[in-house]
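Biologist: Hi, could you walk me through this one? I'd like to go residue by residue and ask as we go.

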Amino acid sequence: MIRLKVVTPVETLVDAETPIVTLPGRKGRFQVLKDHAPLLSSLGEGSIVYMDDGAKKEVRISSGFVKVIDNEVFAAVEQ
């Protein structure tokens, strides 16, 4: 599982364990699975999609940055 944390300057939008995360990179969407290589990337407009208790969930964003390391995905975003 992956620990996903999505924050804005004023609140935490997501703090969850998930098997997969799909992110809107500036050059296209990409997915993060367990044991993904370390990564830093900018994010563009779109949705961060993840699974929570078997249900597909998504968070709309306008931009941001993501850091992936040691099965943790931390996204600092603007909505």
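Modeller: Happy to. Let's start with Thr 22, which is buried because its relative accessible area is 14%; buried means under 20% relative accessible area, exposed over 50%, and partly exposed in between, with a 1.4 Å probe and protein chains only.

Biologist: Before we go on, what kind of model is this?

Modeller: This is a predicted model, in which local features need pLDDT of at least 70, side-chain atom pairs count only at pLDDT 80 or more, and totals for chains, interfaces and linings use all residues. Residues are numbered from 1 along each chain as its sequence is written, and side-chain values use heavy atoms, with hydrogens and water left out.

Biologist: Thanks. Where is the place of Thr 22?

Modeller: Thr 22 sits in strand β3. Strands (E, at least two residues) and helices (H or I, at least four) are DSSP runs, numbered from the N terminus.

Biologist: And which residues does Thr 22 touch?

Modeller: Not counting residues up to four places away in sequence, Thr 22 touches Arg 29, Phe 30, Gln 31, Ser 47, Ile 48 and Val 49. Contact here means heavy atoms within 4.5 Å. With Gln 31 there is also a side-chain to side-chain polar contact of 3.4 Å. A polar contact is a pair of N or O atoms within 3.5 Å; within protein, one must be able to donate a hydrogen and the other to accept it, and residues adjacent in sequence count only if both atoms are side-chain atoms.

Biologist: Arg 29 is on that list. Is Arg 29 exposed or partly exposed?

Modeller: Arg 29 counts as partly exposed, because its relative accessibility is 48%. Arg 29 is found in strand β4, residues 28-33.

Biologist: What does the side chain of Arg 29 reach?

Modeller: The backbone oxygen of Ser 47, at 3.1 Å. Leaving out residues up to four places away in sequence, Arg 29 touches Thr 22, Leu 23, Pro 24, Ser 47 and Val 49. As for Gly 44, 15 residues apart from Arg 29 along the chain, the two C-alpha atoms are separated by 9.2 Å.

Biologist: Let's talk about the core. Which residues touch the most other members?

Modeller: Leu 23, Ile 48 and Val 73 do, in a largest nonpolar core of 18 residues. Such a core is a set of buried Ala, Val, Leu, Ile, Met, Phe, Trp, Tyr and Cys residues joined through side-chain atoms within 4.5 Å. Elements giving two or more residues to this core include β1 (2-7), β3 (20-25), β6 (46-52) and β9 (72-78).

Biologist: Which residues is Val 73 in contact with?

Modeller: Setting aside neighbours within four places in sequence, Val 73 is in contact with Ile 2, Arg 3, Leu 4, Lys 5, Leu 23, Val 32, Val 66, Lys 67 and Val 68.

Biologist: Arg 3 again. Which residue forms a salt bridge with Arg 3?

Modeller: Asp 15, with the closest N and O atoms 2.8 Å apart. Asp 15 lies in strand β2 and Arg 3 in strand β1, so the pair ties together parts that are twelve residues apart in sequence. A salt bridge is a side-chain nitrogen of Lys or Arg within 4 Å of a carboxyl oxygen of Asp or Glu. Arg 3, Asp 15 and Glu 17 are linked in a network of these bridges.

Biologist: How do β1 and β2 run?

Modeller: Antiparallel, with six bridges joining them; strands pair if DSSP finds at least two bridges between them. They form a hairpin with four residues between them, and Val 6 has Val 14 in β2 as its bridge partner.

Biologist: How many salt bridges does the count come to?

Modeller: Five. Another of them joins Arg 60 and Glu 45, with closest N and O atoms 3.9 Å apart. Arg 60 lies in strand β7 and Glu 45 in the loop between β5 (39-43) and β6, so that pair ties together parts that are 15 residues apart in sequence. Lys 57 also forms a salt bridge with Asp 52, at 3.6 Å between the closest N and O atoms.

Biologist: Last topic, backbone angles. What is phi for Asp 53?

Modeller: Positive, about 50°, although Asp 53 is not a glycine. Most residues other than glycine have a negative phi. Asp 53 lies in the loop between β6 and β7 and counts as exposed because its relative accessibility is 79%.

Biologist: And where does Asp 70 lie?

Modeller: In the loop between β8 and β9. Asp 70 has a positive phi too, near 50°, and at 68% relative accessibility Asp 70 counts as exposed.
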